[in-house]
Amino acid sequence: MLDKNEIQHLVARRIAKEIKDGDVVNLGVGIPTFVPIYLPKNIHVITHSENGILGFGPAPKKGEEHPDLTNAGGGFITEVKGTSYFDSALSFSIIRGGHLDLTVLGALQVDQEGNIANWMIPGKFVPGIGGAMDLCAGAKKIIAAMTHTDKDGGPKILKKCTLPLTGPHCVDLIVTEMAVIEVTPKGLVIREVASWTNIEDVKKHTEADLIIPSKIGSFC
Amino acid sequence: MAKPKIINANEAAKLVKDGDTLLIGSFLAIGCPQQLIDALVTTGQKNLHVVCISPDYDDYGIGKLLFHKQVTYLQTSWHGFSKASQAGFHDGSIKIEFNPQGGLLERVRAAGAGLGGILSPVGLGTPVEKERETITVDGKKWILEKPIHGDVSLIKAKKADKMGNLIYSKSARNCNPIMATAGKIVIAQVDEIVEIGEIDPEHIITPGVFIDYLVLNK
């Protein structure tokens with residue numbers, strides 16, 4: 001088994017391969033924040049943040065933080081050549097208007113119809129919606145970055161989400177520490193299995209029906 | 001329109017009455033009109049209805065108003081950093097309406113722009129849809145996001161001229177230009193007030209017509 005840190009980096013490393021030169025991307029909190037570490041140096045990615053920034057740079061060195069410059073999670077970021085600022089309403093116009101190529105979202109549950117639930121557990125955890133529903137409704141491609149199972153080992157990739165949805169029929173790709181799974185009109189297709197595990201193990205930890213093609217790749 | 005009056009934070013706070021609806025700019029306390037919030041904590045208005053994308057933190061940002069139990073209704077998007085908001089939601093002392101973040105901003109923008117509402121795809125097929133009217137246009141379903149008007153807008157900008165024309169600083173702009181459009185009274189806390197003509201017209205983000213009062217950040 002992998003520890004939490006290994007899982008985060010394995011998933012982030014694999015997701016980085018989905019990002020192409022010139023893509024406008026919004027990375028959520030959690031695992032998605034590690035994705036930029038693994039982007040190839042020769043591609044230029046335009047990062048988007050809900051508060052109203054496009055094309056920002058990485059976290060500043062300690063002591064060089066600007067008090068008026070953070071991402072949507074409140075973390076300090078930097079201004080680089082090409083950075084632009086605008087109000088938060090325009091930021092969401094960029095999302096809803098189809099100008100965002102890709103978003104990577106954490107998930108509590110996803111299901112075989114591409115539904116995603118990540119904003120609340122009724123009675124237990126109600127932090128609010130934030131920008132997640134806007135991203136689900138507007139981003140051209142949605143990748144769910146998640147652990148394959150919950151902390152008790154129960155499945156998070158389900159036949160049908162049981163938690164309140166953040167977005168219906170919107171997830172394109174699910175990346176976990178065990179597998180890369182594509183959401184297709186026919187259902188969930190396993191594309192890759194992580195080198196540390198095997199397909200039987202993936203099936204055992206997945207509630208959803210899985211379509212297993214003759215050729216499956218590997219990632220590590 | 002008259003030029004905005006330059007007042008201090010205490011005078012600004014007294015423009016807010018018990019039960020008022022406040023539209024407040026801020027994004028996790030970045031670009032928050034903190035001096036105006038602190039003055040409101042001192043004056044102690046009650047039963048406030050606050051509209052903001054997040055109530056920030058208990059000890060910093062808009063959250064101080066919730067921590068001091070001055071807010072009974074919150075229209076927001078996310079309150080993950082405000083323990084007072086979460087506690088108020090849990091025990092029912094604060095009524096909270098959660099909105100998709102972009103939708104909340106569009107509702108305020110609609111009010112400021114004189115629109116009857118916005119048709120949005122965001123929230124269809126989720127619990128948000130059950131709380132809203134839907135409208136079908138040419139066979140496609142939309143959620144009707146109704147306008148949110150405010151009694152008082154509290155915003156933060158970097159610099160104003162004496163006509164109230166505003167420029168902002170980096171990501172501290174965030175919701176402030178939107179919140180500025182939809183309050184009956186609009187108060188801007190600014191770091192600097194300059195003479196008319198000193199800001200390049202091409203750089204002005206919020207035209208002064210929206211601004212009633214300026215408070216110089218102390």
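For the charge counts in these legends, Lys and Arg are taken as positive and Asp and Glu as negative, with His and the chain ends not counted, and each charge is placed at NZ of Lys, CZ of Arg, CG of Asp or CD of Glu. The views show a predicted model, in which local features need pLDDT of at least 70 and side-chain atom pairs count only at pLDDT 80 or more, while totals for chains, interfaces and linings use all residues. Residues are numbered from 1 along each chain as its sequence is written, chains are lettered from A and ligands numbered from 1 in the order in which they are written, and side-chain values use heavy atoms, with hydrogens and water left out.

**View 1. Charges and surface of chain B.** The mean positions of the 24 positive and 24 negative charges of chain B are 2 Å apart. Its accessible surface, computed by the Shrake-Rupley method with a 1.4 Å probe, where for residues only the protein chains shown count as cover, comes to about 9000 Å², and 52% of this belongs to carbon and sulfur atoms.

**View 2. Fold of chain B.** Chain B contains seven helices and 12 strands, these being DSSP runs numbered from the N terminus (helices H or I, at least four residues; strands E, at least two). The radius of gyration of chain B, 17 Å, is close to the 17 Å that the globule rule gives for 218 residues, so the chain is as compact as a globular protein of that length; the radius is taken over C-alpha atoms, and the rule is 2.2 Å times the number of residues to the power 0.38. Along its principal axes the C-alpha trace of chain B spans about 50 × 40 × 30 Å.

**View 3. Leu105(B) in helix α5.** Leu105(B) belongs to helix α5 of chain B, residues 101-112, and is buried, with a relative accessible area of 0% (buried means under 20%, exposed over 50% and partly exposed in between, with a 1.4 Å probe and protein chains only). Setting aside neighbours within four places in sequence, Leu105(B) is in contact (heavy atoms within 4.5 Å) with Ser88(A), Ala89(A) and Phe92(A), and with Ile53(B), Cys175(B) and Ile178(B). The C-alpha atom of Leu105(B) is 25 Å from that of Met163(B), which is 58 residues away along the chain.

**View 4. Leu166(B) and the nonpolar cores.** A nonpolar core is a set of buried Ala, Val, Leu, Ile, Met, Phe, Trp, Tyr and Cys residues joined through side-chain atoms within 4.5 Å. The largest such core has 57 residues, and those with the most contacts inside it are Val110(A), Ile116(A), Val171(A), Ile174(A) and Leu166(B). Not counting residues up to four places away in sequence, the residues that Leu166(B) touches include Ile155(B), Val190(B), Ile204(B), Ile211(B) and Leu214(B). Apart from this core lies another, of 38 residues, among them Ile7(B), Ile94(B), Leu154(B) and Tyr213(B).

**View 5. Thr197(A) in a loop of chain A.** Thr197(A) sits in the loop between β12 (187-194) and α4 (199-204) of chain A and is buried, with a relative accessible area of 13%. Leaving aside neighbours within four places in sequence, Thr197(A) is in contact with Met178(A) and Val202(A). The C-alpha atoms of Thr197(A) and Val25(A), 172 residues apart along the chain, are separated by 30 Å.
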